[in-house]
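Biologist: Could we go through this model together, one spot at a time? I'm new to this, so please spell out your terms.

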Amino acid sequence: MVKDIQLRLTLKDEERSDILLIKAAQYLSIPKSEISGIKVLRKSIDARKPKIMLNYKLSVYIKEALPEKSNYQFNYKDVSKAKPVHIIGFGPAGMWAALRCIELGFKPIVLERGKNVQDRRRDLKAINQDHHVNEDSNYCFGEGGAGTYSDGKLYTRSLKRGDVRKIFENLVFHGATEQILVDAHPHIGTNKLPKVVQNIRENIIKYGGEIHFETRVTDFNIKNNKIESIVLQNGNEIPTARVILATGHSARDIYYLLDKKKIQLKAKSFAMGVRVEHPQHIIDSIQYHCSGERHELLPAASYSLVQQVKDRGVYSFCMCPGGFIVPAATANGEVVVNGMSPSRRNNKFANSGIVVEINVDKDIPKYEQFGELKGLEYQKNLERIAFTSGGRTQAAPAQRLTDFVEGRLSTTLNDTSYQPGLNSSPMHSLLPKLIGSRLRKGFQAFGKKMRGYYTEEANVIGVESRTSSPVNIPRTETLEHPEISNLFPCGEGGGYAGGIISAAMDGERCAEAAIVGL
Ligand SMILES: Cc1cc2nc3c(=O)[nH]c(=O)nc-3n(C[C@H](O)[C@H](O)[C@H](O)COP(=O)(O)OP(=O)(O)OC[C@H]3O[C@@H](n4cnc5c(N)ncnc54)[C@H](O)[C@@H]3O)c2cc1C
């Protein structure tokens with residue numbers, strides 16, 4: 001027999017390794033010896049009150065063995081001789097499009113401009129230490145896309161768009177910890193992601209798929225509203241019947257290419273702002289109501305904040321407890337920041353994007369001349385300003401949080417996790433009013449919601465500009481582009497995803513759509 005129960009434990013309870021067995025037996029009024037196994041379905045922390053509680057949802061197996069296998073099986077088949085589907089980009093969308101093609105009996109041929117995870121590391125070092133951005137291999141481009149050296153938080157709001165559980169199980173199948181199936185806020189961590197990505201690549205190749213790294217797509221030959229062949233940077237042309245375009249939202253050259261070829265695009269609202277960095281102990285003390293170190297059984301605390309300011313949302317985005325701020329530019333001459341954290345979230349800083357919604361129809365009239373690329377140009381301009389004010393390297397402009405809000409230059413800055421370094425800059429006057437004034441009001445409101453958050457011990461660092469795509473590549477109900485019948489815009493670059501899991505689910509959907517009639 002299997003019984004599903006819920007338990008609430010104190011931190012003191014949690015210190016005992018056999019506590020779930022003891023409490024489950026008590027809850028069910030049965031001897032411990034009758035319990036043959038316990039499966040944790042969900043675990044979350046309730047820190048709303050000073051006495052912190054742990055909520056567990058469990059399946060208790062009574063006189064019955066725990067199932068060894070998950071309900072999800074991934075039966076990949078040999079597709080080496082099957083019909084090909086071309087996938088451009090090997091981020092989460094491209095990876096899961098490729099895996100789904102294999103499940104469906106089609107051969108994925110992936111074209112990826114960046115390098116494999118190992119070689120990519122050297123280019124990340126060059127950004128951090130030499131301030132040089134390889135425009136094909138960086139924090140956004142390369143094997144696993146922006147998802148590899150990301151934070152690896154796995155939440156999604158797109159629950160209706162696909163089988164979220166299947167993606168999680170598939171990540172575990174490819175080497176991620178089973179803990180992601182249980183935690184209310186699952187997280188893999190930047191140190192563990194490359195291995196998972198490498199396992200996915202090896203599996204795709206094992207079953208007959210192809211992955212071509214350092215292979216940038218630069219053009220399409222189009223005839224009768226169909227892509228006949230894909231043109232590569234080296235001039236080679238690849239004939240194709242189906243193209244899944246999963247190039248992410250940093251591939252500006254792809255948006256320019258589509259625009260130049262007069263392939264329909266649509267400007268899309270997005271969000272931009274800064275990244276704020278606090279010492280982690282400040283966030284822990286606010287969230288866990290403690291004055292010193294947090295309890296050793298508690299993870300680095302996170303937060304989620306939102307405030308309406310003058311008709312626009314100001315909100316925290318991609319909060320990384322115990323993490324690092326990283327340089328996420330994809331070209332020289334721009335500064336872009338983002339955040340990540342290792343699986344143990346044990347760094348001494350907490351960072352989060354704090355961004356303002358930008359309505360492309362109302363907020364940026366001066367950019368109308370750029371047509372559907374107006375949001376992209378606005379984003380690009382801010383990244384250039386950040387580059388110039390950061391000192392024309394990958395060092396980022398920064399200000400103490402209180403100085404930013406009160407409008408004065410910081411004479412000194414706090415320590416930071418951002419490796420290329422910070423340059424004290426008047427961010428309050430550099431950011432467009434649309435963003436800067438709302439952020440300043442937003443931070444004041446956040447300080448009231450979380451006492452201690454508004455502090456001179458935090459830095460604001462610019463700019464957090466790549467939260468979501470400023471361009472939408474339209475598609476019909478069959479997921480094809482309305483004008484190009486064998487082009488399937490996919491993932492974050494198309495405007496159909498906002499993170500790892502939603503991009504992966506969209507990849508699966510595009511694969512299912514692309515094979516129809518092939
Ligand atoms: C530092 C950082 C931290 C993040 N943390 C999280 C997180 O914790 N949780 C979360 O859910 N999301 C996070 N994200 C966002 C997440 O990584 C993206 O939402 C996700 O990767 C989008 O997937 P995608 O496949 O659509 O595009 P991408 O991951 O952007 O992949 C696109 C791929 O296409 C390739 N490409 C581009 N142009 C071409 C071309 N012309 N030819 C060939 N290949 C091309 C690129 O090299 C890239 O590999 C983070 C992002 C960053 C940068």
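Biologist: Leaving aside its neighbours within four places in sequence, what is serine 417 in contact with?

Modeller: Serine 417 is in contact with Glu277, Gly323, Phe324, Ile325, Asn347 and Phe349, where contact means heavy atoms within 4.5 Å. This is a predicted model, in which local features need pLDDT of at least 70 and side-chain atom pairs count only at pLDDT 80 or more, while totals for chains, interfaces and linings use all residues. Residues are numbered from 1 along each chain as its sequence is written, and side-chain values use heavy atoms, with hydrogens and water left out.

Biologist: Where does serine 417 lie?

Modeller: Serine 417 lies in the loop between helix 10 (401-406) and strand 19 (422-424); helices (H or I, at least four residues) and strands (E, at least two) are DSSP runs, numbered from the N terminus.

Biologist: Why does serine 417 count as buried?

Modeller: Serine 417 counts as buried because its relative accessibility is 10%, and buried means under 20% relative accessible area, with exposed over 50% and partly exposed in between (1.4 Å probe, protein chains only).

Biologist: Which side chain is joined to that of serine 417 by a polar contact?

Modeller: The side chain of glutamate 277 is, at 2.5 Å. A polar contact is a pair of N or O atoms within 3.5 Å; within protein, one must be able to donate a hydrogen and the other to accept it, and residues adjacent in sequence count only if both atoms are side-chain atoms.

Biologist: New topic: how many residues of helix 5 are buried?

Modeller: Helix 5 (residues 164-173) is mostly covered, with 8 of its 10 residues buried, including Phe168 and Leu171. What covers those buried residues includes helix 3, helix 6 (193-206) and helix 14.

Biologist: And what follows helix 5?

Modeller: Glycine 175 follows helix 5, and the phi of this glycine is positive, near 110°.

Biologist: Now the ligand: which atoms of the protein lie by its oxygen atoms?

Modeller: An N or O atom in the side chain of glutamate 112 is 2.5 Å from an oxygen atom of the ligand, and a polar backbone atom of isoleucine 500 is 2.8 Å from an oxygen atom of the ligand.

Biologist: How much of the ligand does the protein bury?

Modeller: Taken alone the ligand exposes 1,000 Å², and the protein buries 95% of that; such accessible areas come from the Shrake-Rupley method with a 1.4 Å probe, and for residues only the protein chains shown count as cover.
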